[in-house]
Amino acid sequence: PAVALGPDRQTLVIAYEGAARRGALWYVAGRFTSPDRFITFAGGQSKLSTDDNNHRIGHNPSVALGPGGQVVVVYESSANDQSLYYVSGRLTADFQIEGKEYRLTNERGAAVRGFTPAVAIDNDSNVLVVYQGSDENRLWYVTGSVAGSGEIAGRREHRLTLGEARRGSRPS
């Protein structure tokens, strides 16, 4: 599972892979309503889907919340092609993610391939996606910003680890 706390420090989204149907992605979203002795929470569980209402299928999701309710959920493809995908959109007032699915690509338009992605968004809607590449455990990252359409624009791919000594897996 992956968890993100919104800039307001009250909104929370937890993304995870469901147990009943391998690869089915779900999330719990809501808001802390009281920080008193017993924390209370308003929200609920939903399947990760887009406007086509098809349940998104993938592995190892990561989630980030940006300003104004922006949400980006990045995950590995369920196919054997090792592509990375993301759902980008907004969190509605009733804690539903309304967005669209995109394939993560680099500045040349080539599909980004890898495992265990992690995502972050800053207050200016700049995005960082870090992942384990499909070649010899090297770590890579893609930078960009969330466009009005929800797509990550200005994508640039970089290798985080260089040489033989700097390899890794499962970035966070």
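# Close-up views of a predicted model

**View 1. Phenylalanine 41 and its surroundings.** At a relative accessibility of 34%, phenylalanine 41 counts as partly exposed. The structure shown is a predicted model. Together with Leu5, Phe32 and Ile39, Phe41 makes a nonpolar surface patch of about 360 Å². Leucine 5 belongs to strand β1, which covers residues 2-5. This leucine 5 is partly exposed, its relative accessible area being 45%. Phenylalanine 32 is also a member of the patch, and its relative accessible area of 30% makes phenylalanine 32 partly exposed.

**View 2. The aromatic pair of phenylalanine 32 and phenylalanine 41.** Two aromatic pairs are found when the whole structure is searched. In one of them, the ring centres of phenylalanine 32 and phenylalanine 41 are 5.8 Å apart and the planes stand at 65°, so the arrangement is edge-to-face. The angle cut-off for that class is over 60 degrees.

**View 3. The aromatic pair of tyrosine 86 and tyrosine 102.** Tyrosine 86 and tyrosine 102 are stacked, with 5.2 Å from centre to centre and 25° between the planes. Tyrosine 86 sits in strand β7 (residues 84-91) and tyrosine 102 in strand β8 (residues 97-103), so the pair ties together parts that lie 16 residues apart in sequence. Both tyrosine 86 and tyrosine 102 are buried.

**View 4. The salt bridge of arginine 56 and glutamate 101.** The structure holds five salt bridges. One of them is formed by arginine 56 and glutamate 101, whose closest N and O atoms are 3.4 Å apart. Arginine 56 is in the loop between β4 (40-47) and β5 (58-65), while glutamate 101 is in strand β8; the pair thus links distant parts of the chain, 45 residues apart. Arginine 56 is buried, with 9% relative accessible area, whereas glutamate 101 is partly exposed at 27%.

**View 5. The salt bridge of aspartate 81 and arginine 103.** Aspartate 81 and arginine 103 meet through their side chains in a salt bridge, with 3.1 Å from N to O. The loop between β6 (70-77) and β7 carries aspartate 81, and strand β8 carries arginine 103, so this pair ties together parts 22 residues apart in sequence. Aspartate 81 is partly exposed, with a relative accessible area of 27%. Arginine 103 is likewise partly exposed, with a relative accessible area of 34%.

**View 6. Arginine 155 in strand β12.** Arginine 155 is part of strand β12, residues 152-159. Its relative accessibility is 18%, and arginine 155 therefore counts as buried; the cut-off for buried is under 20%. The arginine 155 side chain reaches the backbone oxygen of threonine 105 at 2.8 Å. Leaving aside residues up to four places away in sequence, arginine 155 touches Leu104, Thr105, Asn106, Glu107, Val142 and Thr143.

**View 7. The salt bridge of glutamate 151 and arginine 155.** The side chain of arginine 155 also meets that of glutamate 151 in a salt bridge, at 3.8 Å from N to O. The cut-off for a salt bridge is within 4 Å. Glutamate 151 counts as partly exposed at 32% relative accessibility, while arginine 155 counts as buried at 18%.

How values were computed:
Residues are numbered from 1 along each chain as its sequence is written. This is a predicted model: local features need pLDDT of at least 70, side-chain atom pairs count only at pLDDT 80 or more; totals for chains, interfaces and linings use all residues. Side-chain values use heavy atoms; hydrogens and water are left out. Patches are made of residues with over 30% relative accessible area and no salt bridge: like charges are joined within 9 Å, nonpolar side chains (Val, Leu, Ile, Met, Phe, Trp, Tyr) within 5 Å. Accessible areas come from the Shrake-Rupley method with a 1.4 Å probe; for residues, only the protein chains shown count as cover. Helices (H or I, at least four residues) and strands (E, at least two) are DSSP runs, numbered from the N terminus. Buried means under 20% relative accessible area, exposed over 50%, partly exposed in between (1.4 Å probe, protein chains only). Rings of Phe, Tyr and Trp (its six-membered ring) pair if their centres lie within 6.5 Å; planes under 30 degrees apart count as stacked, over 60 as edge-to-face and the rest as tilted. A polar contact is a pair of N or O atoms within 3.5 Å; within protein, one must be able to donate a hydrogen and the other to accept it, and residues adjacent in sequence count only if both atoms are side-chain atoms. Contact means heavy atoms within 4.5 Å.
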